[in-house]
Amino acid sequence: MIDEKLEIMKSRKGFIAALDQSGGSSKKTLDLYGIAEDQYHNDLEMFDLIHKMRSRIITSKSFSSDQVLGVILFEETMNRKIENEFTASYLWSKKHILSFLKVDKGLEDEKDGVQLMRPIPDLLKVLDQASKREIFGTKMRSVIHDDDVEGIQKVVEQQFTLAKTIGSKGFVPIIEPEVSIHSKNKEKCEQILKAEIEKALERLPKDIQVIFKFTIPSIPDFYKSLMNYSQVVRIVALSGGYKKEVACQKLSQNHGMIASFSRALLEGLQVSDGKRKFDQKLKETIDEIYHASIL
């Protein structure tokens, strides 16, 4: 089963859907979906609504393994059910789609031009739970704002330290050192980041498999050479705040890089949409993202 899932992630055409909005981003996600903040009264009601939205997407006939390889889930979603099955089990048994779990706890304040991840004291406990929920991999996000070498080194060191722990437990970690699209030195940040990642990959044990999730680079195909490392399963792209059309256009210039979009995937979907309209909107979005991912 592990070999089958790894082969899907390595070689099948498609993209990863990022449905891992956390407590900090759920309100904005619901607002864009057409559910105002005055329509719920606490976090439990908010998470109920966001799970209904995610369930609607996942169960849609437009959402299939023909185009979607995997889904990134929030811990809250992992422990909830869709049609009486835990979410990841439903995705695998009904859709043949892999699941990744967001394991980071958010970001520290900016220092040295970057935001490191907050500590994850319960990581091993979460991984143990994930192994019972048919989770294939994990995801953890840092953010780079400026071309501070020391700061970027700290980002890479933190990401790879966690990746080794996660990989040793049988999961495939997605390493996500996001470079802000608003950085005045975005291209320089990417150059430093790639150089530090290459150093880290040289030291990474050969039995640890990783996926990279990058901001779409300023120079097309900039990260493509990282696929030459045996430990790298795939390279995926975050939309990073770009509108769907712009994100897809930029992604299409990066051969071999596939999408892992969140905001761009949900763009235009409304709670008031009827089933046919919702499925058609989702199909059009998935088609657009898929075609940008297979070039």
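What follows is a look at the overall build, the packing and a few individual residues of a predicted model.

Some ground rules come with the model: local features need pLDDT of at least 70, side-chain atom pairs count only at pLDDT 80 or more, and totals for chains, interfaces and linings use all residues. Residues are numbered from 1 along each chain as its sequence is written, and side-chain values use heavy atoms, with hydrogens and water left out.

The chain has eleven helices and eleven strands, taken as DSSP runs numbered from the N terminus (helices H or I, at least four residues; strands E, at least two). Its radius of gyration is 18 Å, close to the 19 Å of the globule rule for 295 residues, so the chain is as compact as a globular protein of that length. That radius is taken over C-alpha atoms, and the rule is 2.2 Å times the number of residues to the power 0.38. The C-alpha trace spans about 50 × 40 × 40 Å along its principal axes.

Of the contacts (heavy atoms within 4.5 Å) with a separation of 6 or more, 72% join residues 24 or more positions apart.

The largest nonpolar core holds 83 residues, and Phe63, Leu201 and Phe261 touch the most other members. Such a core is a set of buried Ala, Val, Leu, Ile, Met, Phe, Trp, Tyr and Cys residues joined through side-chain atoms within 4.5 Å. Helix α7 (residues 149–168) is the top contributor to this core, giving seven residues. Another core, of 17 residues, lies apart from it and includes Ile8, Ile16, Phe100 and Ile174. Setting aside neighbours within four places in sequence, the contacts of Phe63 include Ala17, Ile57, Leu91, Lys95 and Ile286.

Lys61 sits in the loop between α3 (43–59) and β2 (68–73) and, at 70% relative accessibility, counts as exposed. Its C-alpha atom is 32 Å from that of His41, 20 residues away along the chain. Glu190, in helix α8 (residues 186–203), is buried, with a relative accessible area of 2%. Beyond neighbours within four places in sequence, Glu190 is in contact with Val179, Thr215, Ile216, Pro217, Ser218, Phe222 and Tyr223.

Methods
Buried means under 20% relative accessible area, exposed over 50%, partly exposed in between (1.4 Å probe, protein chains only).
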